[in-house]
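Here is a guided walk through one protein model. Keep the sequence and the 3D view side by side as you read.

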Amino acid sequence: MICWINPFTGLAGDMLLAALIDAGAPLDRIRAAITATGLTGWELTTERVTDHGLSATRVHVHVTDPVTERHAAEVIELASRAAPEPVAALAVAAVTAVAEVEGRLHGTDPARVHLHELGGHDTLVDIVGTAAALHALGVTEVVSSPLPLGRGRIDAAHGVLPCPAPATLALLAGAAVTGTDLPGETVTPTGAALLRASDTRYGPPPPMTLGPTGYGAGTRRLPDRPNVVAVTLGEPAGTGREDVVVLETNLDDVTGEVLGHTIARAMEAGALDAWATPAVMKKGRPAQVLHVLTTPEHEEPLRDLVLAETGSLGIRRLTATRTALPRRFETVDVGGHPVRIKHGPHRSKPEHDDLVAAADRLGLPLREVAARALSGQAQDHPPKERGTHG
């Protein structure tokens, strides 16, 4: 099942959870997954609201436990108890992403990060609840339209911060975003972390047979538009064919470092793929041909990026048709570390960056971590991780 997100006015964890419930996610299974964490002193309820003529679902987390702040390690431990296991894996990945970002921003070990606004009951309920909703609906792929980023400033535990918040911007690295005329925080760290943990890709809805659409309402009232996020569910429409653009330029005067940097920047900016091939140019000069594969809507910014980064004086544009086979994603646990796996009709492949991170922390060869991720041994925990002493 594909879940396509249309963040009309932005995205928050509670809005995404509400939209998934509105689309049919069963509330009893969501509550059961949260209860399995051992979290106490909470109640999750929903209500129907009408915002500027649009009917939507809004969720409420009623809290009786006075704890509002926790260390990241405690929140990760709670998330790891969620059931079933795929729900726990996604929830742990989301909380871990928040902890790592906060650790980098504050120069602190992620496990020791003290979560202020993000350490309360509502954050854990939103994250585990959304993971449970995606699992209950059978979602295997998440796609989102570009996220609208607000402007101005926000009040946080550390004082007044620019908007978007630094943590949100870090969590959205690689995401497609756009500006909006709305002031204030339009994308929250919780919403950004859930998109990152779900391995969300950005763009128009992929080929699919449309199913239900759900609308999740936020708490803020806007003067001229409904404050909602929409999620549309659909079954993959088999083999997808789409028109794509290939941008090419010949380079004989850039270093390998510049070439690699440009490829990385292109992928971060929304390219479907980017690569280089060796060539021999006029007068026998060795060169590289840089290729960037993109959808038509991303063509112009990617063209400008390539020209700016390489200093090339020209670029070619070729059109092609791409056949894309259906694929689904899951996250498995290898020695306590999340590893995303992409499943296609003919093979499954773990995400390289996740393998590298897990191998480094576990002190294992990369190939062994890959084998564990693809086998039934993903729950085995080795006795010692790198960085421990004694």
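Start at Arg201, which is partly exposed because its relative accessible area is 36%. The model is predicted: local features need pLDDT of at least 70, side-chain atom pairs count only at pLDDT 80 or more, and totals for chains, interfaces and linings use all residues. Residues are numbered from 1 along each chain as its sequence is written, and side-chain values use heavy atoms, with hydrogens and water left out.

Which residue does Arg201 meet in a salt bridge? The partner is Glu141, at 2.8 Å from N to O. This pair links distant parts of the chain: Arg201 sits in strand S11 (residues 201–202), Glu141 in strand S6 (residues 141–144), and they are 60 residues apart. A salt bridge here is a side-chain nitrogen of Lys or Arg within 4 Å of a carboxyl oxygen of Asp or Glu. Strands (E, at least two residues) and helices (H or I, at least four) are DSSP runs, numbered from the N terminus. Glu141 is buried, with a relative accessible area of 5%.

Side chains of opposite charge can pair when their charged atoms come close. The structure holds 16 salt bridges. One of them joins Arg221 and Asp51, with the closest N and O atoms 2.8 Å apart. Arg221 lies in the loop between S12 and S13 and Asp51 in strand S2, so this bridge ties together parts 170 residues apart in sequence. Arg221 counts as exposed at 55% relative accessibility. Asp51 is buried, at 3%.

Now move to the helices. Glu309 forms a salt bridge with Arg265, and their closest N and O atoms are 2.6 Å apart. Glu309 belongs to helix H9 (residues 299–310) and Arg265 to helix H8 (residues 256–268), so the pair ties together parts 44 residues apart in sequence. Glu309 is partly exposed at 24% relative accessibility. Arg265 is partly exposed too, with a relative accessible area of 31%. Elsewhere, salt bridges with shared partners join Asp181, Asp224 and Arg225 into one network.

Is Asn227 buried or exposed? Asn227 counts as buried because its relative accessibility is 7%. Its side chain makes a polar contact of 2.7 Å with the side chain of Thr9. A polar contact is a pair of N or O atoms within 3.5 Å; within protein, one must be able to donate a hydrogen and the other to accept it, and residues adjacent in sequence count only if both atoms are side-chain atoms. Leaving aside neighbours within four places in sequence, Asn227 has contacts (heavy atoms within 4.5 Å) that include Thr9, Met15, Asp51 and Leu222.

Finish with the backbone. Most residues other than glycine have a negative phi, and most peptide bonds are trans. His52 has a positive phi, near 50°. His52 lies in the loop between strand S2 (42–51) and strand S3 (54–63), and is partly exposed at 35% relative accessible area. Lys283 also has a positive phi, about 65°. Lys283 is in the loop between strand S15 (273–280) and strand S16 (286–294), and is exposed at 76%. A cis peptide bond joins Ala83 and Pro84, with omega about 0°. Pro84 is placed in the loop between helix H3 (72–80) and helix H4 (85–106).

Key:
Buried means under 20% relative accessible area, exposed over 50%, partly exposed in between (1.4 Å probe, protein chains only).
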